[in-house]
Amino acid sequence: AQSVSQHNHHVILSEAASLELGCNYSYGGTVNLFWYVQYPGQHLQLLLKYFSGDPLVKGIKGFEAEFIKSKFSFNLRKPSVQWSDTAEYFCAARETGANNLFFGTGTRLTVIP
Amino acid sequence: DAEITQSPRHKITETGRQVTLACHQTWNHNNMFWYRQDLGHGLRLIHYSYGVQDTNKGEVSDGYSVSRSNTEDLPLTLESAASSQTSVYFCASSLNRDDIQYFGAGTRLSVL
């Protein structure tokens, strides 16, 4: 069965530090990949997505992610985090053409001012 | 503005009671989904619908049911609430199968 793994459960960074959150998926076929963010008390919002084309995807708020097919990875990056980036980040994947999204367990990011 | 709304935002109920969580979207999306969010599990799919009168079981459907009588609404019913169903429930919708899913604000349910 398809699964998504996020190995970092809780990451604590100081403002201006660089961020990289890992995401690996298990499905061997063509996939669509997503990063969602959930700010405290709010609903999930889409940060960025990869469907096809350039494997380096830029999203909102300065986030980007790189799809590396050979590693089954879709890591999220940001060169300089801000206190307002404190949130929980979810990676998700689905087989192309399917509807079911599979989510990782999430990574809680705490940014210290 | 079009949106997806869930109600109630918070609910406390007792074991054995029937509970219905509402989800309403005004985007005219074909597809609607219910997820539960639990610590250590992320979001898991409960049920989903591709259109009116269509419903499908997801990964964790036991103890839950849905019905889709119109495009806008997909209520989630817990027939006999159990403590294991204490969770945060999110509804989502998408226009078509390959589209992005948009999420509601969530319902926090406590079963005592």
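Q: What does Ser3(A) touch, not counting residues up to four places away in sequence?
A: Ser3(A) touches Asn24(A), Tyr25(A) and Ser26(A), where contact means heavy atoms within 4.5 Å. This is a predicted model, in which local features need pLDDT of at least 70, side-chain atom pairs count only at pLDDT 80 or more, and totals for chains, interfaces and linings use all residues. Residues are numbered from 1 along each chain as its sequence is written, chains are lettered from A and ligands numbered from 1 in the order in which they are written, and side-chain values use heavy atoms, with hydrogens and water left out.

Q: Why is Ser3(A) called partly exposed?
A: Its relative accessible area is 34%. Buried means under 20%, exposed over 50%, and partly exposed in between (1.4 Å probe, protein chains only). The 34% of Ser3(A) lies in between, so Ser3(A) is partly exposed.

Q: Where is Ser3(A) placed in chain A?
A: Ser3(A) is in the segment before strand 1 (4–5) of chain A; strands (E, at least two residues) and helices (H or I, at least four) are DSSP runs, numbered from the N terminus.

Q: What makes Cys23(A) and Cys91(A) a disulfide?
A: The S to S distance is 1.9 Å, and a disulfide is a pair of cysteine sulfur atoms within 2.5 Å. The pair therefore meets the rule. The torsion about the S-S bond is -65°, and the link is left-handed.

Q: Which parts of chain A does the pair Cys23(A) and Cys91(A) tie together?
A: Cys23(A) lies in the loop between strand 3 (19–21) and strand 4 (24–25), and Cys91(A) in strand 10 (residues 87–95), so the pair ties together parts 68 residues apart in sequence. Cys23(A) counts as buried at 0% relative accessibility, and Cys91(A) is buried at 0% too.

Q: How do you know that Cys23(B) and Cys91(B) form a disulfide?
A: Their sulfur atoms are 1.8 Å apart, which is within the cut-off, so the pair counts. The torsion about the S-S bond is about -75°, so this disulfide is left-handed. Cys23(B) is in strand 3 (residues 19–25) of chain B and Cys91(B) in strand 9, so parts 68 residues apart in sequence are tied together. By this rule the count over all chains is two disulfides.

Q: Why are Cys23(B) and Cys91(B) called buried?
A: Cys23(B) has a relative accessible area of 2% and Cys91(B) one of 0%. Both values are under the limit for buried, so both residues are buried.

Q: What makes Ser61(B) buried?
A: Its relative accessible area is 10%, which is under the limit, so Ser61(B) is buried. Ser61(B) lies in the loop between strand 6 (54–57) and strand 7 (64–66) of chain B. Not counting residues up to four places away in sequence, Ser61(B) touches Ile46(B) and His47(B).

Q: How many residues of chain B are in contact with chain A?
A: 23 residues of chain B are in contact with 21 residues of chain A. In chain B, Asp98(B), Ile100(B) and Phe103(B) lose the most area to chain A, together 31% of what that side buries; buried area is the accessible area (1.4 Å probe) that two parts lose on being put together, summed over both.

Q: How many salt bridges are counted between chain B and chain A?
A: The count is zero, a salt bridge being a side-chain nitrogen of Lys or Arg within 4 Å of a carboxyl oxygen of Asp or Glu.
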